[in-house]
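Biologist: Could you walk me through this one? I'm new to it, so please take it slowly.

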Amino acid sequence: MHTTTYATGRRPAWLAAVGLAAALALAACTPDAPTVTGTPGTGTAPASEPSSVYEPIMAPADFPRMDGSTATVPLGVLVLQRTTGLDATIAESSVQFSTTPYAYRNLAEGSADLLLAYEPAEQTGIDPDGGTMESRTLEFTPIGRDALVFLTNESNPVRNLTSEQVRDIYTGTITRWSQVGGPDAPIVAFQRPEASGSQALMRKLVMGSTAMAYPPTELVATEMGDLVDGVAAYDNTGTALGYSVYYYVTNQYAVSGVRIVTIDGIAPNPTTIADGSYPWVNDFYAVIRATEPADSPARQVVAWLGTDQGRQTVADAGYVTVAAP
């Protein structure tokens, strides 16, 4: 387990993390709250009905207020379902995640108790591997593994990029597909907003200390699905490039017209993500405040995720699991 700190800011005017009790009462966020529901894309991960193997560990009304990243919505639904015995349909309608940056803010400011989330961006003031600021401390427990993948239009003949080529594209050193074995056309390189989970992974795993080129506004995709759609359809030319996490583009938002390129000749898949042979792999986490009482519902769920049943739930939702501690 890692601990880190978060510099708290002004409390948002809306409540992005929707508690289960509020959800069951049909409460909702205001229109300004960016939320992601249980079916954000064209496909969803498989969700199993509760069985005698998964005995509930708490009543639905006791389940902690949960928030998280776009790509962990299916996991949140299945965790809620299996830890409470809640009906699958009700569980799906009860999970509303506000996306990575808002989820971390909600946890630090007390409007969420548990996150299922990808790594936060530097702009949130959080570092899963440690670091101190004058703020609250959060605890990170790795529960699964994913990869940052790069997407092109399926009409683009480029099937592979090297790590160095990707970095050169996003610094502006390489600007045309002909420089990487493709047609003589400009590379339209999409990015994500600075505070997004995908951008955090891009900077950590791919760019490191190398600065990215500043993109025009129209190439910054606010939502994960917008980026995928943009790569699929940009100007009908097939010249776009973008990035997302493997789980999202293969389980939640699998659209026609998009291809995942190999990196250094290695294709991302559950095997290469699990063994780390794909170059850009990172854990995702269950996150709670360090001040959570030992017997709190949030800690109970985190502990359950570390059991055989919890790890099997991560796998059943379609994610790559981490090794048992």
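Biologist: What follows α2, and what is its phi like?
Modeller: α2 is followed by G85, whose phi is positive, near 75°. This is a predicted model, in which local features need pLDDT of at least 70 and side-chain atom pairs count only at pLDDT 80 or more, while totals for chains, interfaces and linings use all residues. Residues are numbered from 1 along each chain as its sequence is written, and side-chain values use heavy atoms, with hydrogens and water left out.

Biologist: How many residues of α2 are buried?
Modeller: 12 of the 12 residues are buried, so α2 is largely enclosed by the rest of the structure. Buried means under 20% relative accessible area, exposed over 50%, and partly exposed in between, with a 1.4 Å probe and protein chains only. Helices (H or I, at least four residues) and strands (E, at least two) are DSSP runs, numbered from the N terminus.

Biologist: Switching topic, how many salt bridges are there?
Modeller: A search of the whole structure finds 10 salt bridges, each being a side-chain nitrogen of Lys or Arg within 4 Å of a carboxyl oxygen of Asp or Glu. One of them joins the side chains of D113 and R289, at 2.9 Å from N to O.

Biologist: Where do those two sit?
Modeller: D113 lies in the loop between α4 (100-109) and β3 (114-117) and R289 in strand β10 (residues 281-289), so the pair ties together parts that are 176 residues apart in sequence.

Biologist: Are they buried or exposed?
Modeller: D113 is buried, with a relative accessible area of 13%, and R289 also counts as buried, at 10%.
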